[in-house]
Amino acid sequence: MRKIIYAFLTVMILASSATIREDNIWALFAKTRFIEKLNREFGMYFLYPKFPDELKAMEGKIVTVSGFYIPLDMNNSDIAVVSKFPNAECFFCGGAGPESILVGYLKKKPSRKIKMDEIVKIRGKLKLNEEDIDELNFILLDAEIILN
């Protein structure tokens, strides 16, 4: 009986370490460092991300992130922006950094209108953006919003 219990506990520990918990993804994003580099096209300095190895290892994998929905004034509602912080404190409107926001390119539009600052879960394939200054650094492809 002890062997079965030990085997079960071992499997549970290994399974939990193989996937990142939802609430830890923002902490993992926060480990990203930003380096100021000259962008020759614009003749200006921009902050470019240097992603930690543990985050690079997750690229291409399916992740789920909970956060505050930030509506965009865009005609394309197949895009969802989610922030670690409410709108008043988010990267665009407040003092938060670029590690606190992500964009999801949705497979299909949400089944209902989502309100600003509504807490949502979004799941998709993680893509890390190091170079494109017209795009956010954290991207979820083939994403879906999970509404409660």
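Helices are DSSP runs of H or I with at least four residues, strands are DSSP runs of E with at least two, and both are numbered from the N terminus. This is a predicted model, in which local features need pLDDT of at least 70 and side-chain atom pairs count only at pLDDT 80 or more, while totals for chains, interfaces and linings use all residues. Residues are numbered from 1 along each chain as its sequence is written, and side-chain values use heavy atoms, with hydrogens and water left out.

**Exercise 1. Describe the secondary structure of the protein and the order of its elements.**

Solution. Begin with the count: the protein has three helices and seven strands. Then read along the sequence, where the elements follow the pattern α-α-β-β-α-β-β-β-β-β.

**Exercise 2. State what share of the protein is buried, and what its accessible surface comes to.**

Solution. A residue is called buried under 20% relative accessible area, exposed over 50%, and partly exposed in between, with a 1.4 Å probe and protein chains only. By this rule, 34% of the 148 residues count as buried. For the surface, areas come from the Shrake-Rupley method with a 1.4 Å probe, and for residues only the protein chains shown count as cover. The accessible surface comes to about 9800 Å², and 55% of that belongs to carbon and sulfur atoms.

**Exercise 3. Work out which strands form the barrel and how β3 is paired within it.**

Solution. Two strands pair if DSSP finds at least two bridges between them. The closed barrel has five strands in the order β3-β4-β5-β7-β6, with mixed pairing. Neighbouring strands of this sheet are turned by 50 degrees against each other on average, direction ignored; the axes behind such angles are lines fitted to C-alpha atoms, for helices over the stretch in contact, and angles run from 0 to 180 degrees between N-to-C directions.

Now follow β3 to each side. Towards β4, three bridges make an antiparallel pair, and F68 has S83 in β4 as its bridge partner. Towards β6, seven bridges make an antiparallel pair, and G67 stands opposite V120 in β6. Finally, seven of the nine residues of β3 are buried, so this strand is largely enclosed by the rest of the structure.

**Exercise 4. Find the residues with the most contacts inside the largest nonpolar core, and the elements that supply this core.**

Solution. A nonpolar core is a set of buried Ala, Val, Leu, Ile, Met, Phe, Trp, Tyr and Cys residues joined through side-chain atoms within 4.5 Å. The largest one has 23 residues, and L102 and I122 have the most contacts inside it. At least two residues of this core come from each of α2 (25-30), β3 (62-70), β4 (79-83), β5 (101-106), β6 (119-128) and β7 (138-146). Apart from it lies another core of seven residues, among them I70, I79, V103 and L136. As background, nonpolar side chains tend to be buried together in soluble globular proteins.

To see the neighbours of I122, take contact to mean heavy atoms within 4.5 Å. Beyond its neighbours within four places in sequence, I122 is in contact with residues including V63, V82, L102, G104 and L140.

**Exercise 5. Determine where G104, S83 and F138 lie, and whether each is buried or exposed.**

Solution. Take G104 first: this residue lies in strand β5 and is buried, with a relative accessible area of 0%. G104 and D78 are 26 residues apart in sequence, while their C-alpha atoms are 8.2 Å apart in space.

Next, S83 is in strand β4 and counts as buried at 0% relative accessibility. The side chain of S83 reaches the backbone oxygen of S100 at 3.5 Å.

Last, F138 has its place in strand β7 and also counts as buried, at 0% relative accessibility. F138 and V103 are 35 residues apart in sequence, but 6.5 Å apart from C-alpha to C-alpha. Leaving aside neighbours within four places in sequence, the contacts of F138 include F29, F51, L55 and L102.

How values were computed
A polar contact is a pair of N or O atoms within 3.5 Å; within protein, one must be able to donate a hydrogen and the other to accept it, and residues adjacent in sequence count only if both atoms are side-chain atoms.
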